[in-house]
Amino acid sequence: MKKTIPLMIVILGGIVWVLWVFVPHRLLQDVFYYDFYVPWIRAMSPFGMLLGVISLCMMHTAKIRRKAPKWQYSFFFFAGFIITALAGFIGGTQKGGLYMWLFENMQMPMSATMFALLAFYMASAAYKAFRARSAEATVLLVAAIVVMLAQVPLGVKISKYLPDISQWILDVPNLASKRGILLGVGLGSVATTLKILLGIERSYLGGD
Amino acid sequence: MKRYYLFCLLVLISLLLAMGGCVRGRSANAGVEVFEALDMPHDDGSGVLLRWKPLDKSHRIIQYNVYRGHSPDSLFLLGNIEVDPKQGVMGEYLFFYDRDYLPLVQFETAPSKLKKEKHQAPDSPLYQAVPRDANVVSTMLPHYSVLGNLTARGFYNGSRRVEKDGEEGKEVFAGFKLNQFESIYANPLPGNTYYYSVVAVTETGRRTPAARVCSVIPVDNRPDSSAVFATTYIQDTRQFKFEWSPPTGTTDIGLWQGWLMPKSLLPLYRQEQQKNASAPDSVFYAAWQNGSIRLFEHTPPYWSQTFYHQVDAAAEGINLPSSLQDYIPVLSFMDYGGFQAATLGKSAQVKNSAELPIVPAFQVIDKVNDKGDNLIVSFGKPFAFITQASYTSSRKNKLRVNYELSKNEHYEIDRLRFTFQDTAKNTLGTVTEYYLDNVIKFKLPAGLAKNQSFRVRVEFRLRGEKDFDPQVVWQDVTYDAKAMRFNGSGVTLNGQLLNKYFFDVFAKSKLDSDYSPVMRIGGISRAFDHTIPFEDTVTPEIVGFDQKTGRLLLEPNFKVAKDPVSGAVLWAPLYKQDFAPYLTNLEKELAELKAGLAPDDSLSEAAQELRDKQAELDFARNHPAYAQAKDAKSDKAWRKVFRAEKDKNSRSYAYQLLMTDGKGFWNIAEPASGDGEEIWNYPVGNWFDNTKWATLIASFVMLALVVYTVSISRRKELYIRPIAGLAELDNAVGRATEMGRPVMFVPGWGTLGDVCTISAMMILNQIAKKTAEYDIRLISPHVDYFVVPLAQEMVQTAYSEMGRPDAYNQNDIFFVSDTQFAFCAAVNGITVRERVATIFYMGYFYAEALLMTETGNQSGAIQIAATDAITQIPFFITTCDYTLIGEEFYAASAYLSRDPSLVSMLKAQDYFKLIIVVCVIIGVVLSTAHVNAFLNFLPFE
């Protein structure tokens with residue numbers, strides 16, 4: 001019974017969603033989705049967020065208590081969390097308040113910094129990928145050079161055929177492999193869904 | 001430890017204070033000085049115009065709050081205008097329009113009780129927004145026109161019947177609590193005094209002192225004379241056709257008059273228009289009308305952005321001048337307040353009836369595969385036309401031609417034939433298009449001059465027909481030297497240049513009195529999708545407040561049906577008990593009217609009223625809905641019957657189609673009907689989406705394959721090809737054990753509703769079993785807080801199953817952040833600080849993937865990734881030791897558990913892939929043979 005009822009809920013819920021895809025009627029598209037599902041999601045989100053915050057606080061509290069390696073950093077978490085929360089609750093989240101000031105002057109620059117790092121990491125990854133250690137890697141290297149050169153004016157200067165070759169690489173071998181992967185992904189998704197709907201896969205209920 | 005906490009608290013408070021000081025910025029002592037509240041010109045008296053000089057950009061203003069009140073001692077926040085604090089405002093003045101029902105109570109942000117506005121003087125009349133307090137709202141009802149927006153369910157089933165003493169005895173209302181409303185809107189009433197002020201808000205949230213409170217009385221004004229009037233005279237039938245757009249900013253014109261004014265009166269007209277501009281609104285100088293011919297007087301029962309009218313001069317007995325050239329059309333109009341204006345039309349164009357636009361036959365179709373809120377008006381037959389063409393070879397002998405389809409729901413094009421001609425009408429070649437992908441290729445014959453324009457004849461063959469349709473499109477395709485390509489110009493169908501025409505679709509519901517324009521679309525269109533929404537919300541006027549129950553009051557009746565013959569309307573009350581008194585009252589009124597009327601009187605107003613009342617009574621009494629509802633046992637059942645009837649009537653539409661050149665040269669058509677009656681169309685919801693037959697069949701095939709493979713798997717062991725990443729899982733966890741370092745599992749960005757997350761959780765379950773077996777720590781940071789409890793539960797169960805519940809640490813499976821780079825930074829931090837030996841990336845990833853895996857790579861961890869995110873696969877392959885691509889990710893759970901029923905799913909997938917390959921081959925063969933039925937059967941996303 002401990003597993004049967006949750007399993008029944010999952011199967012019933014799954015069937016409703018399958019019907020939602022195939023049935024355009026108002027009963028499913030509006031009444032079920034907008035009048036039932038969306039309000040429930042809205043109601044559940046704050047509780048989910050609360051669970052997440054509690055989980056994070058417990059982890060950092062445990063780190064401080066255990067004096068785990070670099071436990072001092074956990075204070076920064078609490079500092080950021082409390083300041084941002086207070087700024088939002090007291091001053092509001094509108095533009096001009098402390099909350100938005102923190103967002104615009106701290107979080108955004110930090111996120112931008114992280115994102116900017118991506119360029120360097122890409123260079124490093126490209127170096128690793130393009131080392132011509134095997135025939136496959138050499139093909140990859142050549143294809144990458146052609147595609148990259150075709151993106152800049154210099155490419156056309158080198159050869160007027162470069163953009164066409166680049167486009168062919170993107171449109172034929174690249175697109176074919178992408179579609180192959182997508183086909184597999186699609187089938188994998190359907191199979192996973194069926195496994196759950198048919199009750200074959202039950203590990204998400206806790207154990208086999 | 002306490003000392004640390006105390007120290008941190010002090011640091012926090014200091015930081016908070018310091019930051020508060022940082023963002024406070026400069027003082028905000030200066031307020032808006034030049035502020036005016038004006039009556040909105042040319043309107044019906046329901047609008048107010050506010051304008052003020054904005055503060056300069058040094059004040060770092062982010063918005064201006066506008067306050068309104070009906071008395072000078074209490075003004076409430078009405079709305080705001082956001083401005084850029086860095087750029088400031090470029091113009092000299094800022095304008096705010098109080099019209100079109102702005103929100104009175106915004107339930108999401110309104111305070112619960114009266115609150116004075118911040119940073120104002122103690123005696124300031126400014127309050128924050130109107131509070132969610134019915135008593136406060138009730139004080140405003142007499143001073144504004146107030147509308148309440150409720151859900152339809154709330155309106156019909158959530159009211160309480162309220163009786164109040166009125167001038168004519170007891171009056172019944174539907175009472176609603178304030179919190180039952182979704183929103184409440186209010187508009188100024190003409191003739192009332194209103195008070196306004198404005199406050200600037202600085203970047204730090206500081207409000208400047210309020211501007212001087214200004215009062216204004218909105219009044220009805222003379223309409224603007226900016227109407228656009230076009231006239232066409234059809235000389236063989238002696239008909240005038242008129243088309244005009246109303247003046248801007250006005251929606252209350254009650255009467256339109258069309259005139260033919262001798263050009264000799266133009267100086268007088270202009271002189272009088274100048275006098276009108278400075279005269280009081282009630283005075284209208286129009287002596288020019290004395291020498292002009294009045295062509296029509298029209299009172300349309302609807303408001304629109306375009307009006308049409310037709311006058312048969314012969315039938316109306318209008319004596320037309322011998323030369324229309326000496327006359328100019330004039331449109332004069334009067335609003336409901338009796339204020340008049342006039343506008344000069346363009347000279348009438350003279351045409352013959354044979355030149356009238358040919359309105360295509362049209363049909364109204366219920367849209368398929370919808371929820372029942374669309375009707376399609378489908379005009380004529382579909383066709384194709386060329387949009388552009390360009391050379392594809394340096395020798396300029398090959399063209400890539402792009403075309404568009406003007407489709408409709410009624411017919412489907414099977415194939416197209418393009419015939420290319422040079423300017424001398426010599427045929428250059430023909431291309432037949434079997435698969436309509438909006439592009440064709442055409443090889444130009446040798447010897448043709450470069451960049452030479454050409455003509456194209458486009459024919460179409462409809463599905464189910466054997467021959468090409470006799471209707472053909474002709475189009476000139478001309479070379480544009482600047483754009484270096486050909487452009488398709490005017491589309492001529494049946495000798496009619498479609499580009500210069502528009503369609504105006506007229507519609508009428510069973511509750512409407514007349515047709516009114518719904519949408520104007522280009523002449524190339526072949527269909528109009530008319531959305532007919534369900535009655536999800538209602539917005540009636542709030543007419544009062546009941547102090548005793550604390551409820552806002554609405555009229556308790558709703559319009560159910562309209563008699564197309566007499567025009568009588570059936571209004572149903574929300575409460576069954578009120579209908580019988582309504583009928584009795586009608587009978588009483590009829591008796592009184594009959595008693596006071598002379599026996600032979602049939603023309604007086606009283607006689608007309610008698611006829612109207614009799615029709616209303618007869619219509620109500622004999623209506624089938626009433627016959628059905630009177631047996632209802634409850635108010636709810638009573639309303640259910642009338643709501644169904646109302647839905648049927650308000651959502652049943654009849655249509656007319658008008659084709660115009662936008663200059664008064666138009667023709668109108670109605671859908672063909674056998675008996676000449678209007679054809680009513682009611683949209684019906686569908687229970688199955690026809691475009692998804694292929695998907696449904698494929699799902700059943702997959703299901704059948706699963707059942708088949710499950711049965712096979714019970715008899716013999718199924719082979720799964722080795723997947724390196726999963727085969728190495730044991731070694732990866734074992735390495736971490738040897739090194740005494742933790743294992744980290746990073747799920748991607750999917751939510752609980754994504755299949756990739758479910759798949760990731762299944763793998764987590766298997767990995768957790770390994771870490772429990774090897775007694776090694778498992779860390780799992782999460783990005784979605786809904787996934788965290790599931791992950792914790794799965795890991796805990798895995799540890800219990802392996803007999804190591806004590807080793808499970810809930811704090812190691814935790815939420816980090818739902819912000820992309822914050823999560824990424826946290827994962828990188830954990831990788832470095834905890835010196836993790838093995839990292840699993842399983843799920844959907846975005847740009848953070850490379851940042852995380854490169855950090856893991858540099859820290860020397862073994863990394864195994866699995867994702868269905870195609871864009872991230874190259875990065876994972878480059879930086880991780882093993883990568884599971886696409887479907888391998890979904891196969892991981894089966895591979896690791898070796899459960900026969902799960903493994904059978906993999907086999908089913910393989911068989912299905914085989915079917916796909918066969919379908920692809922069949923599709924290629926059929927398409928090559930120009931048989932597209934198979935291709936069209938498959939769904940397109």
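Student: How do H4 of chain A and H15 of chain B pack, in angle and axis distance?
Tutor: In this predicted model, helix H4 (residues 98-129) of chain A packs on helix H15 (residues 820-833) of chain B at about 65 degrees, with the axes 9 Å apart. Axes are lines fitted to C-alpha atoms over the stretch in contact, and angles run from 0 to 180 degrees between N-to-C directions. Helices are DSSP runs of H or I, at least four residues, and strands are runs of E, at least two, numbered from the N terminus.

Student: Which residues make the contact?
Tutor: A:Ser111, A:Met114 and A:Phe115 come from H4(A), and B:Phe821, B:Cys824 and B:Ala825 from H15(B). Contact means C-beta atoms, placed from the backbone, within 7 Å.

Student: OK, whole interface now. How many residues does each chain give?
Tutor: Chain B gives 75 residues and chain A gives 65 residues. On the chain B side, the largest share, eight residues, is from helix H19 (residues 900-928).

Student: New topic: how many helices and strands has chain A?
Tutor: Seven helices and zero strands.

Student: And why is chain A called more spread out than a compact globule?
Tutor: Its radius of gyration is 26 Å, well over the 17 Å the globule rule gives for 208 residues, so chain A is more spread out than a compact globule. The radius is taken over C-alpha atoms, and the rule is 2.2 Å times the number of residues to the power 0.38.

Student: What box does it fill?
Tutor: The C-alpha atoms of chain A fill roughly 65 × 50 × 40 Å along the principal axes.

Notes:
Residues are numbered from 1 along each chain as its sequence is written. Chains are lettered from A and ligands numbered from 1 in the order in which they are written. This is a predicted model: local features need pLDDT of at least 70, side-chain atom pairs count only at pLDDT 80 or more; totals for chains, interfaces and linings use all residues. Two residues are in contact if their C-beta atoms, placed from the backbone, lie within 7 Å.
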